[in-house]
Structure formats: C-alpha cells, structure tokens
Amino acid sequence: MKTRNYLALGFAALYLVFLIACAVVKSRAGGIEINRFHVIAPLVEFCLYLVVLKILFTFNINRKIKKTAFFLLFSLLSVIYLGQSASLLIGGELLSVVAIENWREAQFVRSLTSMACAAVLVAMLLVYFFLFPKNNKDENRKKYYVILLVLLCAFQLKNVKNYSPTLALAKNVYTVACPMCSGSKFDATEVAKYYTLKLDSEYPFLRDYVYNNDVYKIPHQQKPNVIVLFAEGYSAHLIGTYGGDRKFPGLTPNLDAFARDAHVCVVDNYFNHTAATHRGIGGTLASAWPLAGGRWIDVHSKSYQSYPSIVMMLNKLGYETAMFSGWGRLNNMYAALKFKRIYDDTSLPGEILKIAREETLSTEYDGLSDQALYAGLTKYLQQNENKTVPHFIGVYNVGTHAFLNTGANDKVYNTGNEPILNITHNFDYALGEFLNYFIKSPWAKNTYLIITADHARFPEPAYVRLFEQDAPRYFVDAIPLMIYDPYSGLPRRIDAGGRTSIDLAPTILNLLGENTISNAFLGASLFDETKNIPGASIGNEKYLVIDGAVYDFSRVPKQFRKEAEIFSNYVDLYQVHENNDKIYPVDED
C-alpha cells in the first residue's frame, strides 16, 4: 500500500469514529449542540496533519525515523479523538476541565463505549506499527507546501479553530495545569459597586461580620448542633417536593415526608455555585470559588488553606467537627477545611459500625454504600446522645454519582430499568432510615439538619432524556435545600430567587446567631438583602442565573452582559488573590 493511502486511511478511520459520535449526540436529547463546524474543523485538522507527514516522507530520511514520527503523531491523535468520541457518547460533551480534574473518578464511566474505544485504539496502533509501509519517496514537494499554506489559513478561521477537538483538549489541560495563566485584566472599582470589597486593603475580601439582618432571631440557651447532608450530584428536579413526583411518583418518599415536617423550611430556586465535588463541598463550606478542583487540590495546596471555612470558625467556638464520607479520596480537602474527625470507607466500618470493611462497600464502586454511610452516622449520633458538646457534622454519599447504578442489595425504582431513578430511590431509602431515627431522637430538639447537594446532577444524556430537558443543559442547576429548624423560626417555604450555595455557610452562622466572626465569605446569608450577582464558576466556565434559568456567558441576554462581565471579574479577582495567598491573613486563624 502506498504511504499516502496508508496515512489517509488511518486518519479517515479516526475521523469516521468522531463523526459517528457527533451523529449520536445530535440524534438524542442532551449534550452539546452539534453543528457543521464539528464536521469541518476535524477534517481540516486531519488534512493538515496528513500534509505535514507527507512533506516529511518526501525527504530521504531513515525509515525508522519516519515510522517513529508517524507512530507518535498517530498515537497522540488516536488518544485525543477516541477519548473525545467516548466523552461525547457517554457524557454528551467533549472532555471538560471538570472531567480532566476528576480523572480519578474514571471508574464511573467504565462502560461498553469506553472499553470499545480503548480496544479500537490498541488495535489501530498495533496494526499501524507492524504494517508500516516501506519508503515511498515522492519528490513533488512543492504541491504539499501550497496545500499546507491553504490549510494553515483555513485553520486560522475562528470557527475552525474553536471547534478543533485537539485544541479544545489542549486548552482545557492547560487550564487545569495552570489555572491562573490565562487570567483577565479588569478594573476592580467597578466590581466593588456590586460586591463587598476593601480595595485599599491587602486582603480586600476580609470582613468582621457575617450577616446584616434581623430576620432570624432565636435566642439559643445552648449552642445548637448542625448536620449538613451533601447528596452527591443531586438536582432538585429529582425530588417530589420540587415537582419530581409529577413525572416519577414515589421516587423520593422519605425526602418528601421530611419536607412536610412542620419544622422544615424548603428553599426554592437555589442553585449550585460550582462543581464538581471538591469545589462543591469545599466552596460551600468556605463560601468561596476555589481556584482548583479534583486532584489538583493536592497540587495547588493553597486551596482551602488561604481562607477560613465555617468548620474552622466553629472549631474556635468549641464545636466538635466531623465529616462522614463515602470514600477517602476527599480526605485532603476535609483536613484542609479543618474537620477534627474524618470517617470514610476505611475508618467508619471498624471504628463505628464494628464490622468488616467488605460488608459496608458498594458492589458498584470502591466506597461505602449509602446504607452503610447513614447507618454509621446514625450509630455515631446514638453514641453521642448524652454529650453536651455541640457538633457540626458534614455527610457526603457516593451512591448517586453520575453513570452509576444500584448495587446488588440496593433498592430499585419500579422495574429497575433506569439506573438514575434506581440510585435516586436507593439514596432516599438509606436517608429515610437515618431520618426515622433523627426525628425521634434527642438530637432533633437542638439540631439544624440541612439537606442539600454538593452540586447539581451532571447532565448526562440519560438524565436529560428522563426529564425531557432541552439542550443546552449545564452542570449548574437548581439543587435542594431543606432546613430542619428545631425552633420553628423559619417559614415553611422561601424563594432564594436564583441565589446559590455560596450563601449557605453565612446562612448557617445566621441561624446560629454567630455574627461577629472574622471571615472572607463571598456569599451572604439568604436572609440578607444583597446586590451580589447570582452566578456559578466551574474552572474556566462561568454562568449567570437569571429568573430561574441558567445561561453560559455565550448566551447571556444583551441586557445582562454588564452583570456577566462584573461577575466574571469578581471571580477572577478572588482567584488572583487566592493564588497570591491574600484571602485571609494567617495570624487571624
């Protein structure tokens, strides 16, 4: 086979796989919007690579060098295009910053699609390595230079460059590896018109109060306890009390019963301010937009340590702070947030449940099942019922993670044919066992129990199909917020008006009546009147929440573009100061 045919065939195969993935995404609900540039850009890209290699092969170079050059380039392109194709088929989008940051959670997408793409990759590389053709010298080099020039010009076109799968991945990898390298320049004085800032200070986000209202005034005779339950990837649409029962009745009976309790306040139009779990839990408890996410929390060690979290503050107020987590992969973050005790899949089984670890693990992932997690929380509370020290407890489950199904002994919804409904129903069952204990326990007399989520459900195609939501869908959505108030000082239902989880930490301190605390919170209590612009930031992606709808910055209505710019500048300003360790002075800690 001639070299030109050999090269063209390899690139054509990768191009075909990518086109098939695009066609599948276009044919179903959810995922990115596929247009003609998703077809044109990779074609131009492949032709460019092909011509460069053809020019290389016209030179009288040793065959081993040619073979190595081709094999390296083809290997790289195969990994990129098959990886992007698998991402499109599984998640409905190209590999994002969040996906790259959370590469350790790849176990959740070990599907037939990903395995098939991996098998194709291995097969193609083996075939091309061992069947590489002999030299096929072509002296007509000038025509290739002309074609190369034309292709380079075409590649400079904005729409072609913006839709290149290779450049898209390179840009996101660069953002993850160096999140501050592409920071913007702006005038902070305009930002200060909307947000509380001390521009003349070395620490412009520092303030000496938490909230500014007298809406909630409950005199506490003793310090109340706080328990915050973070449901993994849980959008409000899933819960009956938020309207989910219209489509899937009986999906969340225990959450619905909890919402009907006379002590519970249900918050509507409340959105996540970031994602995924590292940013979600850390950013919520610190009321911040963390610069780094995923495993990069460990790399960028300043995250969560250059500013105070509500956990740190309550430690100083004499609270016992503990985190219950479905697995130990997040322990570095929990430690940075200053939880005194961390119970995960390695410690909770033996220390609290007194059983072997193997008996507590899910059959779907390497972590605690939701039932084991909440059984451990229940037993811990039972063991501490008579202690007077106040507690702040966080809880994070894994079982509702995207792309999972229920394990062998879990509850399923109806016929069990829909994995998303199954894991939602099973979580509700596990939570219900805990709620049955809590409501009747001594803890209910002096504990604020808050049920929320670390972030919204990832809009995988199966989720979008189930809830018949039109594209585009984002990793930002309404999430649940239900507050059990033992003193019945809250209304039964309030509308957050599009405000986000960045406001939860100051709201909790508002409930506790703890106002004179040095902090660097970006959010405000939900009971405060504020000019803060509701929005979300995930890596290099930013969103506005307008009238209950989420807009990425390319779709923000014209009349809100100034607010979008101000919001973006505010997040960038914060992250510049975080990177310079100027959020909170160490001697204040």
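The stops below go from a threonine in a loop, through some backbone angles, to salt bridges.

A few ground rules first: the model is predicted, with local features needing pLDDT of at least 70 and side-chain atom pairs counting only at pLDDT 80 or more, while totals for chains, interfaces and linings use all residues. Residues are numbered from 1 along each chain as its sequence is written, and side-chain values use heavy atoms, leaving out hydrogens and water.

**Stop 1: Thr 400**

Select Thr 400, in the loop that runs between strand 5 (391–396) and helix 17 (419–440). Helices (H or I, at least four residues) and strands (E, at least two) are DSSP runs, numbered from the N terminus. Thr 400 counts as buried because its relative accessibility is 1%; buried means under 20% relative accessible area, exposed over 50%, and partly exposed in between (1.4 Å probe, protein chains only).

Now show what surrounds Thr 400, using contact in the sense of heavy atoms within 4.5 Å. Leaving aside residues up to four places away in sequence, Thr 400 touches Ala 231, Glu 232, Gly 233, Tyr 234, Asp 370, Ile 423, Phe 427 and Arg 457. Draw a distance to the backbone oxygen of Glu 232: a polar atom of the Thr 400 side chain lies 2.6 Å from that oxygen.

**Stop 2: backbone angles**

Most residues other than glycine have a negative phi, and most peptide bonds are trans.

- Select Ala 275 and Ala 276, which are joined by a cis peptide bond with omega of about 0°. Ala 276 sits in the loop between strand 2 (264–268) and helix 11 (277–286).
- Go on to Ser 287, a non-glycine residue with a positive phi near 50°. Ser 287 is in the loop between helix 11 and helix 12 (296–299), and counts as buried at 0% relative accessibility.
- Then pick Lys 354, whose phi is also positive, about 60°, although Lys 354 is not a glycine. Look for Lys 354 in the loop between helix 15 (348–353) and helix 16 (370–383). Is Lys 354 buried or exposed? With a relative accessible area of 59%, Lys 354 is exposed.

**Stop 3: salt bridges**

Side chains of opposite charge can pair when their charged atoms come close. With a salt bridge taken as a side-chain nitrogen of Lys or Arg within 4 Å of a carboxyl oxygen of Asp or Glu, the count comes to twelve.

Select Lys 223 and Glu 514, whose closest N and O atoms are 3.5 Å apart in a salt bridge. This pair links distant parts of the chain, 291 residues apart: Lys 223 is in the loop between helix 9 (188–191) and strand 1 (225–231), and Glu 514 in the loop between helix 19 (504–512) and strand 9 (535–538). Lys 223 is partly exposed at 35%, whereas Glu 514 is buried at 19%.

Next, select Arg 341 and Glu 320, where the N to O distance of the salt bridge is 3.1 Å. Arg 341 belongs to strand 4 (residues 341–343) and Glu 320 to strand 3 (residues 320–325), so the pair ties together parts 21 residues apart in sequence.

Then try Glu 418 and Arg 465, a salt bridge with its closest N and O atoms 3.2 Å apart. Glu 418 is in the loop between strand 5 and helix 17, and Arg 465 is in helix 18 (residues 461–467), 47 residues apart.

Finish by selecting Glu 190, Lys 193 and Lys 562, which a network of salt bridges links.

Definitions and conventions
Polar contact = N/O pair within 3.5 Å; in protein donor to acceptor, adjacent residues only side chain to side chain.
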